[in-house]
Each structure stands twice: as C-alpha cells, then as structure tokens.
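Q: I have a model open and want to go through it piece by piece. Can you take my questions as they come?
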Amino acid sequence: MKITDQPHSFTGKVGIVGAGIAGLSAAIRAAVAGAEVHVFEQNTYTGGKLTAFDQEGYRFDAGPSLFTLPHLVDELFKLAGRDPKQYFDYHVHDEVCRYFWQDGTRITMYPETKRNVEAVSNVFGKTEGNKIQSYFDKAREKYDLTAPFFLEGSLHRMKTFLTKGVLNVIAAIPSLGLFSTLNDYNESIFTEPKLVQLFNRYATYNGSSPYLTPGIMQMITHLEHGLGTYLPKGGMHEISQSLTRLAEDLGVKFHLGARVESVLAKGKQVTGLQVGEEQHSFDAVFINSDVKHAYAHLIPSTVKRPKKTLKQEPSSSALIFYWGVGVSFEELDLHNIFFSNDYKREFDAIQNNREFWKDPTIYVNITSKLEPGDAPEGKENWFVMINVPADSGQNWSEIIPKARQEIISKLSEHLGRDISKIIENESVLDPLLIEKKTSSVAGALYGTSSNDRMAAFLRHPNKKTDCKGLYFCGGSAHPGGGVPLCLLSGKIATQWWLDDVR
Ligand code: FAD
C-alpha cells in the first residue's frame with residue numbers, strides 16, 4: 001500500500017531531528033500520511049550537507065555536486081499530488097566526467113555506452129574498448145538485481161527477504177563480487193592501469209577504498225553511465241530547497257536554530273524531544289543526525305547501544321577549496337578528475353595511515369558550465385575537492401596549506417597556466433568544519449565506510465526495534481550516504497513507521 005493510500009488521521013505527531021535530505025524526505029512522507037510534523041534543525045537553514053553560499057559574485061554548492069536518480073526527488077512531489085516541475089527542474093547532462101592523467105592522457109566519459117566504447121577505443125585501444133559494453137552490462141545487472149533489496153528495502157525486516165526475487169539474489173551471490181575487492185574486479189577486466197584507476201574511483205562515491213570495498217560496488221558505475229547525470233537548475237542546493245518548500249506547503253513546521261538536546265522516553269517508548277528548555281511531545285521520532293552523534297548525545301542511556309554498529313569506521317572525508325576563478329577553461333566541464341600517479345598509495349595513506357597524501361587525486365566541479373549565473377561572465381566557480389581521512393586528530397591547519405600548494409601546482413601544470421594568479425576569492429571546508437556544521441562525527445561524508453563486505457548489514461537499521469517510536473534516516477543509517485540513498489533512507493524509515501502505526 002502506498003503512503004498516499006493511508007487514511008489521514010491515525011498517524012499522530014512526528015518529530016524529526018535534523019533537516020538533512022533524509023529528514024526532509026521523511027518529513028514530507030509523514031506529512032502526506034497525515035501526521036503533524038515538526039523538524040528541528042540546529043542550523044538556521046535546511047539541507048544539512050546539501051547547502052550553498054555566495055562568495056563575491058560566485059555561487060557555490062557547499063556539499064554534494066553529483067546528482068543521479070532524479071526520479072527519487074520527483075517522486076516526493078508526485079506523492080504529495082504536486083507537479084514536480086512546479087518546484088524542481090534539472091539539466092540532463094551529456095557528459096559523465098573528464099579525466100586527466102599527469103602524462104597528458106585525457107578521456108571524456110559519457111552516459112551512453114556506445115560513446116564510451118568509442119572513447120575508450122580511441123584513447124586506450126580497441127581491445128580495451130571492446131570490454132566496455134559488457135562491463136556496463138554487468139554493472140546494470142548487479143544494480144537491477146540487488147537495488148530493490150539492498151537499497152530500496154530494509155535489511156533488518158523479514159518482509160524484505162520474503163520478497164519475490166530474493167532467491168535470484170542469493171543464487172547470484174558468487175558472481176556479485178562480494179568476495180573480492182573492486183580493484184581486483186577491475187584488474188580482472190582491464191589490462192590498462194588507467195582504466196582500472198578510472199573505475200576504481202567509484203569506491204569514493206560512498207567514502208571507501210577500491211582496495212578494500214567489495215567488487216559489487218562496480219554497480220555504482222551504472223548510476224552515471226547507465227541512468228545518466230544531472231544538475232538541478234539553480235544548483236544542487238535546489239534539491240533541499242525545493243523539498244523544503246514542498247514540506248512547508250504540506251504544513252510541516254520547521255524549527256530552525258533549534259538544537260535537540262535529547263530524545264525523551266518512558267521505559268522503552270519514545271515520548272518526545274528536549275529542545276533547549278522546551279519539551280515537545282511526539283508519538284514518533286525520526287533521527288536524521290549522524291547515528292554516532294545521536295547515541296553520544298541524544299538517546300537516553302536506557303536504550304541499548306548497537307555496539308558493533310557504533311564501532312564501524314567512518315567513511316572518508318574531504319578537503320574542499322571554493323575558488324572564484326577569473327578565467328574560463330574550455331577543456332574543463334561540469335565534472336573533472338585529475339588523477340594521482342599512484343592510486344594504491346593514495347588510498348593506503350587515507351584509509352590505513354589516516355593521513356593526507358602528497359599527490360592527491362583532484363576533483364574540480366564547475367556548475368557555471370551549465371548554470372552561467374553561478375559566476376560572473378567569462379569566469380568560473382571551482383569546487384576543488386580531494387579525499388582525506390575522517391578526522392582523527394590530524395593537524396588540519398598544517399595540512400590545508402600543503403594541500404592547497406600541491407593542488408595549485410598540479411592544476412597549473414595540467415592547464416598550462418599559473419592557477420594561483422587567477423583565484424579571485426576562496427573559502428575552505430575541512431573535516432572539522434563538516435562536523436561542526438552537521439554533527440557528522442569526524443567529518444565523515446557518507447556515515448560509515450563500505451570497506452568490508454558486512455558493512456551494509458552493520459549500518460544502523462531504520463528503526464530501533466527495542467524502543468517504540470524511534471526511527472533513523474540519513475547517511476549513517478541504512479542504506480547509506482549520498483543524496484539518492486538518503487532519500488531512500490527517509491522512505492524506508494517512514495514505511496516502517498506506517499506499518500507500525502497502521
Ligand atoms: P545531513 O546532511 O548530515 O544533515 C543532518 C542534519 O541534522 C544537519 O543539518 C544537522 O545540523 C542536523 N542535526 C544534527 N544533530 C542535530 C541536533 N542535535 N539537533 C538539531 N539538528 C541536528 N552525495 C552525493 O550524492 N553526491 C555527491 O557528489 C556528494 N558529495 C559530497 C561532498 C561533500 C563535501 C559532502 C560533505 C557530502 C557529499 N555527499 C555527496 C554526501 C551527501 O551530502 C550526504 O550523504 C547527504 O547529504 C547526507 O544527508 P543526511 O540526510 O544524512 O543529513
């Protein structure tokens with residue numbers, strides 16, 4: 001039964017801790033189901049990591065830059081009986097990413113397999129090009145087979161395992177790549193190390209290492225190459241802002257600048273939230289904040305701690321420079337990657353030694369390529385990001401200038417121009433600031449990492465089954481981080497809640 005089919009009165013009063021993308025997804029779904037919904041957000045804005053800012057004539061998305069599966073946003077408007085296009089629209093982009101290596105090799109990848117076969121054949125030879133079709137076919141198969149269970153359903157409810165098709169997943173386990181790493185898988189297909197590196201990069205989409213994360217993560221390539229890449233009109237920020245507008249239209253009450261101090265419970269039943277001096281009564285509470293933050297600060301000590309889950313390692317974090325650049329570069333597109341020379345050592349440094357790697361892979365995102373209003377004419381807004389470990393006490397004030405120098409010198413070499421001379425303005429985001437702004441422990445971008453094949457099962461369930469009325473959604477809960485998965489997280493959590501109250 002769809003949420004829209006529910007009678008509109010029995011769902012009571014719902015409190016949501018955090019206005020991140022999963023909190024917004026849950027708020028909209030709960031409001032559509034007829035609940036009185038209150039969202040408490042410690043910041044003065046909604047969106048959590050999905051936010052934006054202006055900097056001397058340039059507009060920047062502060063967090064996510066890559067947008068896939070737009071139907072997951074659209075479906076919230078449709079669920080509420082609204083036309084998505086009245087709230088939210090997006091560009092369909094015809095390129096996935098431009099890749100650059102230090103020896104001068106360059107390749108552009110596309111959302112159409114035929115173009116990719118051609119591109120790979122041209123740059124790396126026909127033998128490698130001929131492998132592309134079956135590589136993406138395999139990614140699609142893995143995605144189609146597993147997404148309905150691993151991503152769209154709860155891994156903690158029996159009903160998921162009773163769903164038609166689950167036997168096919170079980171039968172396919174030996175071929176899903178659960179017992180080898182993504183790097184092993186890619187090396188078994190491609191002989192060209194640069195292609196292995198290119199496809200290894202997809203491990204970073206959930207903050208993991210390709211040398212640790214299982215081969216099944218190959219399916220992530222299907223999102224961009226099979227299902228397409230997009231950019232919201234108005235920038236990534238429009239995802240959270242359009243959903244906020246929809247939530248408000250549905251009567252959701254946002255309490256901004258309102259930090260939740262604790263979840264109130266009577267025995268094993270949630271009763272409300274403590275916000276500053278005020279107590280608010282709720283029939284159900286959804287936690288959208290980081291799970292580790294919630295257990296450390298919000299959830300009463302009488303509620304059992306999920307010890308194994310809380311011990312999971314955080315996903316990687318990022319160091320981002322937001323540069324207003326006074327020149328436009330034709331050779332750059334919306335998404336650009338400048339690879340390091342030694343990917344293995346880069347990930348060893350990040351994942352094993354928890355340190356900054358001196359030759360980092362650099363990602364440059366330029367929304368003004370599609371949204372000219374994001375930068376003054378003839379100029380560009382560069383979001384320049386490198387992967388770094390989650391914070392464990394590193395000296396970031398020493399690392400930041402070193403990283404900046406390294407990035408500038410590498411980009412200058414690639415682009416044949418002294419980048420330092422054309423940066424008009426700058427701001428920086430580091431793991432400490434990410435934690436400060438969003439309460440994501442250690443500044444992890446995607447909750448916990450997927451560096452182990454059991455990680456998906458150890459992520460926090462969308463419901464705390466031993467505490468009535470307590471639900472979880474967000475990057476550190478099932479099914480994990482990233483905008484699409486967070487939207488699904490809000491969906492799975494509210495479906496569980498509706499099954500409970502029904
Ligand atoms: P969050 O965004 O973490 O928000 C949680 C909210 O809860 C915050 O607003 C916080 O203030 C609030 N909160 C916490 N505790 C309390 C409290 N006690 N009281 C009140 N409020 C509280 N994903 C992609 O899909 N594509 C990308 O390209 C991508 N790139 C990224 C780049 C960066 C730099 C970052 C930081 C993230 C990126 N991600 C990307 C990941 C993506 O942003 C996140 O997975 C997703 O936005 C997390 O959403 P969430 O619902 O878990 O909540």
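Predicted model: local features only at pLDDT ≥ 70, side-chain atom pairs only at ≥ 80, totals over all residues.

Q: Which strand is Tyr322 in, and which ring does it pair with?
A: Tyr322 is in strand β14 (residues 317–325), and its partner Phe53 is in strand β3 (residues 52–55).

Q: Staying with β3, what does it pair with locally?
A: Strand β4 (residues 58–61), which runs antiparallel to β3 and is joined to it by 4 bridges. Asp54 stands opposite Arg59 in β4.

Q: What about the turn in that hairpin?
A: The hairpin of β3 and β4 has 2 residues between the strands, and Glu56 takes a positive phi near 45 degrees.

Q: Back to rings. How many aromatic pairs are there?
A: The count is 34 aromatic pairs. Another one of them is Tyr211 with Phe347, which is tilted, with 6.2 Å centre to centre and 55 degrees between the planes.

Q: Where do Tyr211 and Phe347 sit?
A: Tyr211 is in the loop between α8 (193–200) and α9 (220–227), and Phe347 is in helix α13 (residues 343–352). Those parts are 136 residues apart in sequence, so the pair ties them together.

Q: Are those two buried or exposed?
A: Tyr211 is buried, with a relative accessible area of 18%. Phe347 also counts as buried, at 3% relative accessibility.

Q: Which cluster do they belong to?
A: Tyr211 and Phe347 belong to one aromatic cluster with Tyr99, Trp101, Phe124, Phe339 and Tyr343.

Q: Which lysines have a charge over a ring?
A: Lys13 and Lys85 are among them. The charged end of Lys13 sits over the ring of Phe282, 5.4 Å from its centre. Lys85 lies over the face of Tyr90, at 4.7 Å from the ring centre.

Q: New topic: the ligand. Which residues come nearest?
A: There are 37 residues around the ligand, and Glu41, Lys49, Gly475, Gly482 and Val483 come nearest.

Q: What are the polar distances to the ligand's oxygens?
A: A polar side-chain atom of Glu41 lies 2.6 Å from an oxygen atom of the ligand. For Lys49, an N or O atom in the side chain is 2.7 Å from an oxygen atom of the ligand.

Q: Last one, the open sheet. What is the strand order?
A: The sheet has 5 strands in the order β9-β2-β1-β13-β19, with parallel pairing. β9 (253–256) and β19 (470–472) are the edge strands, each pairing on one side only. The twist averages 20 degrees from one strand to the next.

Q: How is β19 held to β13?
A: β13 (residues 284–287) and β19 pair in the parallel sense over 3 bridges. The bridge partner of Val285 in β19 is Leu470.

How values were computed. Residues numbered from 1 in each chain as written. Heavy atoms only, no water. Pairing = 2+ DSSP bridges. Axes fitted to C-alpha atoms, helices over the stretch in contact; angles between N-to-C directions. Phe/Tyr/Trp six-rings, centres within 6.5 Å; stacked < 30°, edge-to-face > 60°. Buried < 20%, exposed > 50% of the residue type's maximum accessible area, 1.4 Å probe, protein only. Lys NZ or Arg CZ within 6 Å of the ring centre and 35° of its normal. Near = heavy atom within 4 Å. Polar contact = N/O pair within 3.5 Å; in protein donor to acceptor, adjacent residues only side chain to side chain.
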